[in-house]
Amino acid sequence: MTGPNPQLDSHGGLRHLLTTEGLPREIILHILDTAHSFLSIGEREIKKVPLLRGKAIFNLFFEPSTRTRTTFEIAAKRLSADVINLNVGTSSQSKGETLLDTVANLSAMHADMFVVRHSQSGAAHLIARHVAPYIHVVNAGDGRHAHPTQGLLDMFTIRHYKKEFASLRVAIVGDVLHSRVARSQIHALTTLGVPEVRAIGPRTLLPTNVSDLGVHVYHDMAAGLKDVDVVIMLRLQNERMNGALLPSAQEFFKYYGLTPEKLARAKPDAIVMHPGPMNRGIEIDSSVADGRQSVILPQVTFGIAVRMAVMSILAGNA
Amino acid sequence: MTTSLPQAEELLAALAERMRPAVTPDTALIGIHTGGVWIAQRLHQMFSTRPPLGTVDVSFYRDDYGSRGLHPKIKPSDIPFDVTGADIVLVDDVLHTGRTIRAAMNELFDYGRPRSIRLAALVDRGGRQLPIAAQFVGAELDVAGDEQIELTRDAAGRLGLKLNRAGAA
């Protein structure tokens, strides 16, 4: 990266959250610590704090999403913000309005924050470069590039169950090539000092440069899962596949689907994570997804607290 | 100008004596992070009250979020009893503007509707900006406006008071 980090303000505070790449370790830890304090709010009688009262947060989703959009919406509402959901794919954009015109119009409606999902890599960066200084941008997934809040909630989940990052072996399994989630995880794991990150998948679904990120590459899942502490399964992204990268979903499951037998190669207390939505029987067997080691549903709950932390830290850095 | 400070342990004993007639086995103590929690822990041991000790960090309710942003070190609030119907004593180390107490009361009401809330402070240094008063005080101290009183706790658990120039802390 050249020039100043576009995510940070002149005091080094977080102004936008666009990617976990180059995100300073202290900021990641601050987000995780703050999220920890937000967790108990979900269990109270009144699941709300007044921090973002009077702020308008626009959920700008140019690509469909249920879980991410909903958890951002819940997080913003628990911070007492006003939330406006726009599924832009079905409105102005289809009438020909440009991305920046859409954002300019919403800014004229006094937006304080944009949560952006877009199929094009770099869309959130583009918006962040053009908004007024008091507006904050959160990347909720851009193309194959980044999905930082997912990466951070995964770090929160790992820390919750494993306490420390310094001695962990973490395996990321499946369609790493198309996965913005994997990229955000790898950068965050590295920054947090995880000594061994493994990427497991067929040659056709692993990026050619993945080992440049310090990741150990495995094509054999049994070897790759040996003695790991954390298994992160990725969704097989049918909608992003053009051409014949895979013979068939059944073939994929045979070699890279997480079954109890394959999971037995990992440490006995290894946790199993998945960013959702899951394809049961394609990348993960139901008995593992619903099993003792699965922390897939806690990930969703933690995701709300992590998004609350991100939004309250951003909005506080005026 | 500097003020000489009394011993924190003596103030704690004085505070406990003033509270004793008003505390019942069901009185619920809640300490405000961080110094208030230390004092509340000691009071909870002395009085052996039944409800487990509660703690609050008022960062999510502070009125200076808009100007100062989110505090860098936030601890989770933990109220392990039913707030609704409880007789609560909020415990803080230094009572000054009253803004922390307002924030703490707002937070408590998001847990439920207490029957009563009273306030205990080790030190009341005056300077109130809100109509808030403590029912139990260890001592009233006259401190210059640009000085801050900080509660400390050593490895053995002994409490102490320290005077800081504002901004230097």
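Predicted model: local features only at pLDDT ≥ 70, side-chain atom pairs only at ≥ 80, totals over all residues.
The crossing of helices H2(A) and H11(A) is right-handed; a crossing is called right-handed if the near helix is turned clockwise from the far one by less than a right angle, and left-handed if anticlockwise. Residues are numbered from 1 along each chain as its sequence is written, and chains are lettered from A and ligands numbered from 1 in the order in which they are written.

Back to the helix pair. H2(A) covers residues 67–78, and its axis is 8 Å from that of H11(A), at an angle of about 55°. Axes here are lines fitted to C-alpha atoms, for helices over the stretch in contact, and angles run from 0 to 180 degrees between N-to-C directions. The angle makes H2(A) oblique to H11(A). Under 35 degrees counts as roughly parallel, over 145 as roughly antiparallel, 65 to 115 as roughly perpendicular, and the rest as oblique. The helices themselves are DSSP runs of H or I with at least four residues, strands are runs of E with at least two, and both are numbered from the N terminus.

Which residues make this contact? From H2(A) they are Arg67(A), Thr71(A), Phe72(A), Ile74(A), Ala75(A), Ala76(A) and Arg78(A), and from H11(A) they are Val300(A), Gly303(A), Ile304(A), Arg307(A), Met308(A) and Met311(A). Contact means that the C-beta atoms of two residues, placed from the backbone, lie within 7 Å. By class, the contact of H2(A) with H11(A) has 8 nonpolar, 2 polar and 3 charged residues. Nonpolar covers Ala, Val, Leu, Ile, Met, Phe, Trp, Tyr, Cys and Pro; charged covers Asp, Glu, Lys and Arg; the others, Gly among them, are polar.

A second pair in chain A is H1(A) with H5(A). Their axes come within 10 Å and cross at roughly 65°, which makes H1(A) roughly perpendicular to H5(A). This crossing of H1(A) and H5(A) is right-handed. Ile28(A), Ile31(A), Leu32(A) and Ala35(A) of H1(A) meet Leu152(A), Met155(A), Phe156(A) and Arg159(A) of H5(A). The classes in this contact of H1(A) with H5(A) are 7 nonpolar, no polar and 1 charged.

Lys163(A) sits in the loop between helix H5 (148–162) and strand E5 (169–173) of chain A. Lys163(A) is not a glycine, yet its phi is positive, about 65°. Is Lys163(A) buried or exposed? Lys163(A) is exposed, with 10 other C-beta atoms within 10 Å. The cut-offs are 20 or more other C-beta atoms within 10 Å of the residue's own for buried, 12 or fewer for exposed, and partly exposed in between, with C-beta atoms placed from the backbone.

Chain A also has a cis peptide bond, between Gly276(A) and Pro277(A), with omega about -10°. Pro277(A) is in the loop between strand E9 (271–273) and helix H10 (286–289) of chain A.

Now the place where the chains meet. How many residues does each chain give to the contact? Chain A gives 18 residues and chain B gives 15 residues. On the chain A side, the elements that give two or more residues are helix H1 (25–39) and helix H11 (296–316). The largest share of that side, 6 residues, comes from H1(A).

That brings us to chain B, which has 4 helices and 7 strands. Along the sequence the pattern of chain B is α-β-α-β-α-β-α-β-β-β-β. The radius of gyration of chain B is 15 Å, close to the 15 Å that the globule rule gives for 169 residues, so chain B is as compact as a globular protein of that length. That radius is taken over C-alpha atoms, and the rule is 2.2 Å times the number of residues to the power 0.38. Of the 169 residues of chain B, 40% count as buried.

Chain B has its own backbone points. The peptide bond from His33(B) to Thr34(B) is cis, with omega near 0°. Thr34(B) lies in the loop between strand E1 (28–32) and helix H2 (35–47) of chain B. Ser48(B), in the loop between H2 and strand E2 (54–56) of chain B, has a positive phi of about 50° although it is not a glycine. Ser48(B) counts as exposed, with 8 C-beta neighbours inside 10 Å.
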